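Subject: Model handover

Hello,

The model is placed below, and my notes on it follow. Please read them with the structure open.

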Amino acid sequence: MAADTSPPRARTLPVRSRPWILTYHSVSDPTDDPYGITVSADRLDEQLTWLRRRGLTGVGTAALLRARAAGKRGLVGLTFDDGYADFLDEALPVLLAHGCTATVFVLPGRPGGSNDWDPLGPRRPLLTEEGVRTVAAAGMEIGSHGLLHRDLTELSDDELRRETHGSREELRRVTGRAPSGFCYPYGIADRRVAESVREAGYAYGCALVPGALAGPLALPRTHVSHADRGARLRAKEVRHRLRYRSAGNAHRGEAG
């Protein structure tokens, strides 16, 4: 059964109530990992075990936002950026074993390609279109990461529209369903980029540290590395709570 990726009912997300969303990338051998974005399958299993022991279940972002709008707690968002092919063989079995789902942000402009935007490598294959459909059929949410993994803030209006609107239409073609979520490449967005995401029809957007942007189109996330075990994860959770609680109600009711 495909994941329910219908848009969340909540129209706005006050800063003080921003959910905790974890960011993963590749799940494979972390030995050669100059960017610190790779987690082994065993470490992912350990991290999900830690979450479950604390009463938290990992879900995709759309499911997380729907649950919070309904007043439900005990969930944490799980996201996997770039759409690496190793998600199928390495991450998916671990997620299913823990009863978790996740959002996989893919690049429909690079089906079966590689991460050649990373100058230091190593080169890792990306999901093919068939792989994306397999991930969706396994109950994961598919979101857009743009077409080609470009810094959207540096693009012309026409190029930006292709990355936001065009990637949504490509994923509709691939999966039969338009994605409700968008993830900004490099975690970078500004108001022009967020507005393009809104105009394209996405219900939410994921950044890393969204800065002055607030609302469902600028959700902050927490990067997870292979080094993160219980104590480090707890520290990152506390930092997230304090960072967005300390913002008070300054942006109450703002949308990204």
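R229 has a relative accessibility of 43% and counts as partly exposed, a class that lies between buried (under 20% relative accessible area) and exposed (over 50%), with a 1.4 Å probe and protein chains only. The model is predicted, so local features need pLDDT of at least 70 and side-chain atom pairs count only at pLDDT 80 or more, while totals for chains, interfaces and linings use all residues. Residues are numbered from 1 along each chain as its sequence is written, and side-chain values use heavy atoms, with hydrogens and water left out.

Salt bridges

R229 is paired with E46 in a salt bridge, with 2.7 Å from N to O; the term stands for a side-chain nitrogen of Lys or Arg within 4 Å of a carboxyl oxygen of Asp or Glu. E46 belongs to helix α1 (residues 41-53) and R229 to the loop between β10 (222-223) and α7 (230-245), so the pair ties together parts that are 183 residues apart in sequence. Helices (H or I, at least four residues) and strands (E, at least two) are DSSP runs, numbered from the N terminus. E46 is also partly exposed, at 29% relative accessibility.

Another salt bridge joins R221 and D81, whose closest N and O atoms are 2.8 Å apart. This pair links distant parts of the chain, with R221 in the loop between β9 (204-206) and β10 and D81 in strand β5 (residues 75-81), 140 residues apart. R221 is buried at a relative accessible area of 7%, and D81 is buried at 5%.

Within helix α4 (residues 129-137), E130 and R133 sit three residues apart, about one turn of the helix. They form a salt bridge in which the closest N and O atoms are 3.2 Å apart. E130 is partly exposed, with a relative accessible area of 47%, and R133 is partly exposed with 33%.

A network of salt bridges links R54, R234, E237 and R241. The count of salt bridges comes to 16.

Helix packing

Two packed helices are described by the angle between their axes and the distance between the axes. For α4 and helix α5 (residues 157-175), the axes come within 9 Å and cross at roughly 75°. That makes α4 roughly perpendicular to α5. Axes here are lines fitted to C-alpha atoms, for helices over the stretch in contact, and angles run from 0 to 180 degrees between N-to-C directions. Angles under 35 degrees count as roughly parallel, over 145 as roughly antiparallel, 65 to 115 as roughly perpendicular and the rest as oblique.

On the α4 side the meeting residues are E129, V132 and R133, and on the α5 side R173, V174 and T175. Contact means heavy atoms within 4.5 Å. By class, the contact of α4 with α5 holds two nonpolar, one polar and three charged residues. Ala, Val, Leu, Ile, Met, Phe, Trp, Tyr, Cys and Pro count as nonpolar, Asp, Glu, Lys and Arg as charged, and the others, Gly among them, as polar.

Cores

The largest nonpolar core has 33 residues, and those with the most contacts inside it are L44, L51, L78, F80, F87 and L95. A nonpolar core is a set of buried Ala, Val, Leu, Ile, Met, Phe, Trp, Tyr and Cys residues joined through side-chain atoms within 4.5 Å. At least two residues of this core come from each of β1 (21-24), α1, β5, α3 (86-97), β6 (103-106), α4 and α5. Leaving out residues up to four places away in sequence, L95 touches L48, L78, F80, F87, C100, T101, A102 and M140. Another core, of 12 residues, lies apart from it and includes F182, V193, V197 and A200.

T61 is in helix α2 (residues 61-69) and is buried at 0% relative accessibility. Beyond its neighbours within four places in sequence, the contacts of T61 are I21, T79, T103, E141, Y204, C206 and L219.

T79 is in strand β5 and is likewise buried, at 0% relative accessibility. With neighbours within four places set aside, T79 is in contact with residues including I21, T61, F105 and R221. T79 and H25 are 54 residues apart in sequence and 8.1 Å apart in space, C-alpha to C-alpha.

Whole chain

The secondary structure comes to seven helices and 10 strands. Of the 256 residues, 53% count as buried. Among contacts between residues at least 6 apart in sequence, 69% join residues at least 24 apart.

Regards
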